[in-house]
Amino acid sequence: MKISKAVLFACSLLAINVTAVEARDLTVVSWGGNYQDAQRKIYFEPFAKESGKPLLDESWDGGYGVLQAKVKAGVPNWDAVQVEAEELALGCADGIYEKIDWNKLGGKDKFLPDAVGDCGVGAIVWSTGISYDGDKLKQAPASWADFWDTEKFPGKRGLRKGAKYALEFALMADGVAPKEVYTVLATPEGVDRAFKKLDALKPNIVWWEAGAQPLQLLSSGEVVMTTAYNGRISGLNRTEGKHFGFVFPGSIYAIDSWVILKDSPNKDAAMDFIAFTSKPDNQAKLPEFIAYGLPNIEAGKLVPEKFQAELPTAPDNLKGAISLDIDFWTDNSEALTQRFNAWLAQ
Amino acid sequence: MSVLFRKQMVSLALVAPLLLFLIVFFAFPLFTMMKSAVSDPVATQALPASTNALSDWDRSSSPTSEMSAAFVEDLRQINDDQLFGDLVRRLNSAKAGFRTLITKTRTAVKATAGPIDLTAVDKRWADNSYWQVIAIATSSTITDRNLLAAVDLERNSSGAIDTIPAGASANRTILIRTFTMALAVTAACILIGFPFAMIAASVEGWRRQLLLGAVLLPLWTSLLVRTAAWFILLQDTGLINSTLMFLGLTTEPVSLIFNRVGVVIAMTHVLLPFMVLPIFSVLVGIPKTLMPAAASLGAHPVRAFLAVLLPLALRGVISGSLLVFMSALGYYITPALIGGAKDQMISSVIAYYATGAANWGMAGALGLVLLVATLLLYVVYLRLSAERELKP
Amino acid sequence: MDNSFIRFDDVSKSFGALKVVEELNLDIGKGEFVSLLGPSGSGKTTILMMLAGFENPTSGAIWSDRKRIDKLPPHKRNMGVVFQNYALFPHMTVSENIAFPLKMRGTSRADTSERVKRALDMVQLGALAERRPSQLSGGQQQRVALARALIFEPEVVLMDEPLGALDKQLREQMQLDIRDLHKRLGLTVVFVTHDQTEALTMSDRIAVFNHGKIEQIGSPSEIYDHPSTRFVAEFIGETNLVAGSVHSIDGHEAVIRLENNEVIKVVAKDRLRSGSKVVFSIRPERIGLGAGPGNTLETRISDVVYYGDHLRLLLSGGGQSFVVKTDRNRLPPSVGDSLTVSFLPSDCWAVDA
């Protein structure tokens, strides 16, 4: 669909603070919260010091339309942005990202194969799975079947509002093997089956949208278990002395990547910044703050032993976990979202 | 130059900034939004040869070799990645699966220079329905697809308007819900706001300042702080429920959050000032002698209120209601955070299409439907109030 | 007392520490037109509001037709009230406004429209029945307010400075209209005003208020000709206040020595005691130019003011200044001329200082 440039122009004028086109400091955008706090400490501030130029950091909540609007409006006011795999695939196909200069990064073979792309460099490997409060539950849930079992574990469940993840988890709860999930979901019967399974849990679901919400829900006791991002769980356990657990089997992992928006005025600086964050020494500092896996193979080996076990990339944790199928979701996101919204409204 | 003409020019110059502002920031975006809802030029632009080849296809027989040759030719010619991206999005939005199909096909087409058998690249090309989507997309540069989809309608393969099967889309349900919730919030605002405005108008000095300050306070706090506060109050282990249980009024926590009740409470809280202030300003403008006059003429206080104060304050109630209703229509963060799955309003759907799916056509169409429905309500209101004015 | 229709019995009203009305005792007869006259803040409006029921007395009792009413809510008192700013209901037409009291009393529709028509005719507004108050002039609004206060045939009508907002000509016309209605319908009217002319022309009796107390109550001519206090003499009309001391009393006449030792004769009254200080009032129009019977004084003209229908001379003589009203055709006086003036002893009225 052709998007009128005027709409985008008007939208960006209204919704986004358009800064002047002239020389502007390197602007890096990430997911906010304690994750971005950690990034600021180990990436943003050291890079600004090393390069001698100021670096601005902003946060966003995702949404491909946001990036597209910025690029189509002319010169974007963001340079390096951390995006989810789906946004990476869509934007790379649409040509709204600059191509990555892999020479600056020391070559593609230094990274996990999934973290290498024409338009993006993997930044973290993160998981979505079941989380629960170890202080409140005597017996820990172990599978999606447990998540759906309201007799064994009475109480409400938190789920991220959206078709993505919810449908996969529903199928796993219904007995589909993790490896088979996307094959089943690709058929209309598979989609019906997932929705039917969701129906069974619907009265007990509290839907969340922002990454910090499931932790609040869990802390307040509003839900007995919830889906959550693994990194935030171990972060909270360390800072607030909680004993939240995370179930890796049946979890879905995905890679977030750094991209550079097309026609960014700070293209080279942004590339240098991404190279800086991808250096093994720098990247290896991240798991101390937040338990996300590292795409740089060398960095993964530098992580201290005590943090290794919490990472989605730890061999034990990868067993029984599956990778998010980007192709499936780029094809079906709109249709399934529409159906999901209709299902919610019933 | 006559004095009159100069006066007109001066007044024109005075309103010019406002006019310009309205055009640039209101009329223009509104127009482009409406345009994006109905314009659909991308397929015609990206696939010129196919547009020709598909124009006389009957859409039921098997795809011809000319059609597939023209399509292959078009794919080969597209060098603009963004145009290609738009095309993919357009086709995939009409039929899921197009994205991988067309990307895969393009890679195959680019790999060779000669003709190519599409069904060998992907067997989906033998399926008529994919060709039908392309035929529809290239048939015209304007479309009613988005507008129809916004109210859960679609064109079937023969081109007739049909209802989208239940369960596939819920725009209509969500639109109706949006209006019902806005109405409920407006009613709650009247019920709380009218007596409040009366009290505020009847006292003076610091008491009045305090009352008005209390009602304005929510406007001065950020949305998220306010929402967090409601969360603390309304959750199962929250202040209200623990108080109710402490008082023994209930043994089980009353469900106040993640449902309609919570959303209406929170939205009423935020929008109350828009109801109280217009009513208040009308009430303080009513001469203080009218109520004593009514009493001296034999009216019991209740009747005096109904016959004198209420009709006079109605203007404030109506303008307050319009303000509250219109603002409530656009809410989506509060329902998203405090409401349950069945309390989402149309704005969240629009936001999904705009920022999530980058489907500006659908976003524009839903916005347009909301706008038209609101305007219709406004016209009804104008009619009603005009009739009231005419009646002696 | 038997004639009394409305009675204030030791009524006091205070707002916090401020005493607005102090121990008021007042009787108003049936069919009487009584004006409450006084400067603003003298308590006259508060008295009216207590009678209408919008204020409660702090102490004392109010009676109407031998029933105690001070605890009765306003809508049960059956008194017509005309407010200073008319208090017409802006959302109702003229006829709806006038019909309001009947509607509140559940009068039948036919009866109501008949009576509204009559009331409109009475105030000569028949043609404007379907207008809104905002489309009427001040005088027309006032007549609507009057019709509305009278239509339910109350025995008492209370008016709170009803003519204050009208211009002079209209005001005089309305004064006559109201007086006419009062006589025609036999109404009991309590009329609050700060305009002494209004009070003089309309009332059967005037109660002059100052600081929450009645200074004097009586018929207009009593109040004007025989003011009992200096305040009343000054507040009602114009007057010359002359100070002196009593030199001697001889039967009906007393001789007063002015401050410059000139002597004048006045009618003797009970309270005059030989040697005591005294102030009396001589109305400007009672002083004649040139020598005449009674007292004469030699004066000098210090100012002449032209009023159209008369001239006002400011004179000095007898150790003080006088104002004299005179026919402008009598003589062409000029400032600095000396002038002999004369006045009768009976026009000198001793007042409480």
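Reply: Two residues are in contact here if their C-beta atoms, placed from the backbone, lie within 7 Å. This is a predicted model, where local features need pLDDT of at least 70, side-chain atom pairs count only at pLDDT 80 or more, and totals for chains, interfaces and linings use all residues. Residues are numbered from 1 along each chain as its sequence is written, with chains lettered from A and ligands numbered from 1 in the order in which they are written.

Me: ok, which residues of H10(B) meet H16(B)?
Reply: B:Thr178, B:Met181, B:Ala182, B:Val185, B:Thr186, B:Cys189, B:Ile190, B:Gly193 and B:Phe194 in H10(B) meet B:Val317, B:Gly320, B:Ser321, B:Val324, B:Phe325, B:Ala328 and B:Leu329 in H16(B); helices are DSSP runs (H or I, at least four residues), numbered from the N terminus.

Me: and at what angle do their axes cross?
Reply: The axes, which are lines fitted to C-alpha atoms over the stretch in contact, with angles from 0 to 180 degrees between N-to-C directions, cross at roughly 140 degrees and come within 9 Å. That makes H10(B) oblique to H16(B), as angles under 35 degrees count as roughly parallel, over 145 as roughly antiparallel, 65 to 115 as roughly perpendicular and the rest as oblique.

Me: switching topic, how many residues of chain B are in contact with chain C?
Reply: On chain B there are 16, and they are in contact with 20 residues of chain C. The largest share of that side of chain B, five residues, comes from H15(B).

Note on methods
Helices (H or I, at least four residues) and strands (E, at least two) are DSSP runs, numbered from the N terminus.
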